[in-house]
Amino acid sequence: MENYIEDNRIHDGHRGRMRAKLIAHGQRIFDTYELLEMLLYQTIPYKDTNPVSKRLLMAFGSLEGVLTADRDALTNVNGVGERTADFLTEVGKLGDIIGAEILSDGGEDLTSYDAVGKYLVSYFSGMQERQVIALFLDSSMRLLCMKKLYDLDYDSGGVKAKPFIDEAVLSRAAVVISAHNHPFGPFYPTQGDRASNNAITDALMMAGFVHAEHYIISGECYAGIGSLKNFGIRASQMPALDGFIESKGLFCDQPRRVSSLSQTNCLGGSEIGEASGCNLKDLDYFKHLLDYAVGSSADEAARLLLPKYRTIENILTASARELTAIVGERCAFYLKLLAYVTSRRRTDSFAFGRSHTAADTAEYLKALFLGESVEKTYLLTYGESGKITGCHLLGEGTVSSSEILPRKAVETAISESAASVALAHNHPFGTTKPSADDVNLTKAFATLFKNCEITLTDHYIVAGQLCDTVRFESETERDFED
């Protein structure tokens with residue numbers, strides 16, 4: 001009995017270490033059987049799940065085989081009970097749900113200058129105290145949250161950049177729109193307003209965020225100071241931001257009046273969390289899936305996460321740190337594990353040393369990037385016969401950029417005896433539209449590899465379940481044109 005207790009203590013330590021490594025390093029350092037082993041923690045709490053994981057993979061041949069197996073066949077494997085079989089079946093459904101999720105029509109339309117102005121007038125309606133607030137939006141101009149940052153005026157000198165940056169990081173925003181009110185006038189921006197605005201814009205820009213506009217609200221009127229500068233490249237990656245900028249040009253920064261308010265201070269409060277709609281069918285499935293990890297808290301966790309991120313795929317793409325702040329460490333670990341298991345079941349079936357179509361390669365890359373919350377860049381290597389010989393991580397960075405070392409790319413290609421290569425990187429929560437930086441990097445690397453007598457055939461960009469390529473000429477003598 002004493003040895004049994006000691007074994008359990010060692011086993012508990014093992015699980016803790018495995019969880020910590022997954023959160024810190026992602027899936028790359030784990031074999032497939034280890035990911036399945038951790039998945040089984042949810043329904044097999046007091047036993048070593050490593051042998052069960054290996055028996056399942058041996059019985060069904062692959063992770064894909066395990067997650068698509070018949071429920072009765074699963075229970076025939078030693079160590080797999082009915083609850084575990086049901087759980088594996090539910091996790092298996094994620095493969096069909098991701099990429100096919102349907103959004104409801106709920107949520108605020110904040111894609112135009114006028115729409116944001118009306119939204120903010122509604123918020124400040126009837127408010128007599130001075131406030132500075134900010135809207136934090138994703139790359140599609142969907143509202144992630146709204147925060148009251150200060151109980152003072154913008155020209156007071158007390159407005160600092162740190163709260164803007166902190167909230168932008170926490171909400172994983174791409175775009176920030178700020179506002180303050182002049183309850184009793186004047187309507188026009190003061191010199192202090194402009195000074196604060198320039199400081200906030202510059203600070204957000206240095207941190208990698210777009211400060212799209214700052215509004216002044218007075219009564220039923222609104223006007224923008226003008227905050228967007230030096231963001232042509234970033235805007236080209238975000239069509240919705242382009243649309244916002246174009247819509248602002250229609251008003252030429254002239255004050256606008258809201259003719260009537262359908263609600264009075266309908267947005268009262270310092271925070272708005274449920275800004276966008278989600279599909280109820282997906283919500284029911286997600287609650288059921290969370291029940292295996294957090295039990296009675298599943299409904300609350302689902303209602304916190306799905307309205308915020310809109311799709312299950314977006315939830316799985318969020319960082320572990322961000323998810324921990326919302327639903328706790330245990331649930332965050334589980335969600336990232338679901339992402340990595342779903343990714344691995346697809347990438348395991350992609351065989352190297354074989355020729356693959358462009359469509360097959362795109363599907364592999366979409367699976368490879370599933371669940372990744374930061375940009376990562378990979379190098380695909382091809383042999384003389386056109387067969388893919390490997391996929392190698394070149395660099396990783398933040399939500400909007402990654403660093404690639406040219407020497408590492410060349411060393412990798414040469415060590416693999418590559419005749420040709422392809423680059424691939426992701427845009428988390430973004431679009432597949434290449435930025436000017438993406439195009440310039442493709443040109444530079446094509447020339448670099450050409451000097452080594454290696455052909456760069458493609459540069460793939462992945463955003464969720466979409467995959468596109470940077471267009472460039474493929475002849476031996478390339479004449480690059482924007």
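**Working through a predicted model**

Mentor: In helix α2, the buried residues are Thr32, Glu34, Leu35, Leu36, Glu37, Met38 and Leu39. Keep in mind that this is a predicted model.

Trainee: Why is helix α2 called largely enclosed by the rest of the structure?

Mentor: Just count. Helix α2 covers residues 32-39, and seven of those eight residues are buried, so the helix is largely enclosed by the rest of the structure.

Trainee: And how much of the whole chain counts as buried?

Mentor: 52% of the 482 residues. The chain has 20 helices and 12 strands. Of the contacts with a separation of 6 or more, 67% come from residues 24 or more positions apart.

Trainee: Next, asparagine 181. What makes it count as buried or exposed?

Mentor: Buried means under 20% relative accessible area. Asparagine 181 has 2% relative accessibility, so it counts as buried. You'll find it in strand β3, residues 175-181.

Trainee: Which backbone atoms does the side chain of asparagine 181 reach?

Mentor: There are two to look at. A polar atom of the asparagine 181 side chain lies 3.0 Å from the backbone oxygen of glutamate 129, and the side chain also reaches the backbone nitrogen of glutamine 131 at 2.8 Å.

Trainee: What makes those polar contacts?

Mentor: The distance cut-off is 3.5 Å between N or O atoms, with one able to donate a hydrogen and the other to accept it. The glutamate 129 pair is at 3.0 Å and the glutamine 131 pair is at 2.8 Å. Beyond its neighbours within four places in sequence, asparagine 181 is in contact with Phe124, Met127, Glu129, Arg130, Gln131, Asp153 and Ile217.

Trainee: How do you know whether threonine 347 is buried or exposed?

Mentor: Use the cut-off again. Threonine 347 has 12% relative accessibility and therefore counts as buried. Threonine 347 belongs to helix α17, and setting aside neighbours within four places in sequence, its contacts are Tyr364, Ala367 and Leu368.

Trainee: What does helix α17 supply to the largest nonpolar core?

Mentor: First the core itself: it has 57 residues, and Leu56 and Leu335 touch the most other members. Helix α17, residues 329-347, gives the largest share of this core, 10 residues. A separate core has 27 residues, including Val121, Met127, Ile133 and Leu137.

Trainee: Which residues does leucine 56 touch?

Mentor: Outside the four places on either side in sequence, leucine 56 is in contact with Leu36, Leu40, Gly61, Val66, Leu74, Val77, Val80 and Leu88. As a general point, nonpolar side chains in soluble globular proteins tend to be buried together.

Trainee: Then there's leucine 466. What makes it count as buried or exposed?

Mentor: Exposed means over 50% relative accessible area. At 55%, leucine 466 counts as exposed. Leucine 466 is in strand β12, residues 466-469, and it touches Lys366, Thr432 and Ile461, leaving out residues up to four places away in sequence.

Trainee: Where do serine 417 and glutamate 453 lie?

Mentor: In loops. Serine 417 lies between α19 and β10, and glutamate 453 lies between α20 and β11. Neither is a glycine, yet serine 417 has a positive phi of about 50° and glutamate 453 one of about 60°.

Trainee: How do you know whether those two are buried or exposed?

Mentor: Over 50% is the test for exposed. Serine 417 has 60% relative accessible area, so it is exposed. Glutamate 453, with 74%, is exposed too.

Trainee: Last one: which residues lie nearest the centre of the second largest pocket?

Mentor: Thr311, Glu313, Asn314, Ala463 and Gly464, out of 35 lining residues. The pocket's volume is about 640 Å³, and α15 gives the largest share of its lining, three residues.

Key. Residues are numbered from 1 along each chain as its sequence is written. This is a predicted model: local features need pLDDT of at least 70, side-chain atom pairs count only at pLDDT 80 or more; totals for chains, interfaces and linings use all residues. Side-chain values use heavy atoms; hydrogens and water are left out. Helices (H or I, at least four residues) and strands (E, at least two) are DSSP runs, numbered from the N terminus. Buried means under 20% relative accessible area, exposed over 50%, partly exposed in between (1.4 Å probe, protein chains only). Contact means heavy atoms within 4.5 Å. A nonpolar core is a set of buried Ala, Val, Leu, Ile, Met, Phe, Trp, Tyr and Cys residues joined through side-chain atoms within 4.5 Å. On a 1 Å grid over the protein atoms alone, a cavity is a set of points where a 1.4 Å probe fits but cannot get out, and a pocket is an open set with protein on both sides within 12 Å along at least five of seven lines; lining residues have an atom within 4 Å of a point. Grid points are joined across faces, edges and corners, and a volume is the space filled by probe spheres set on the points.
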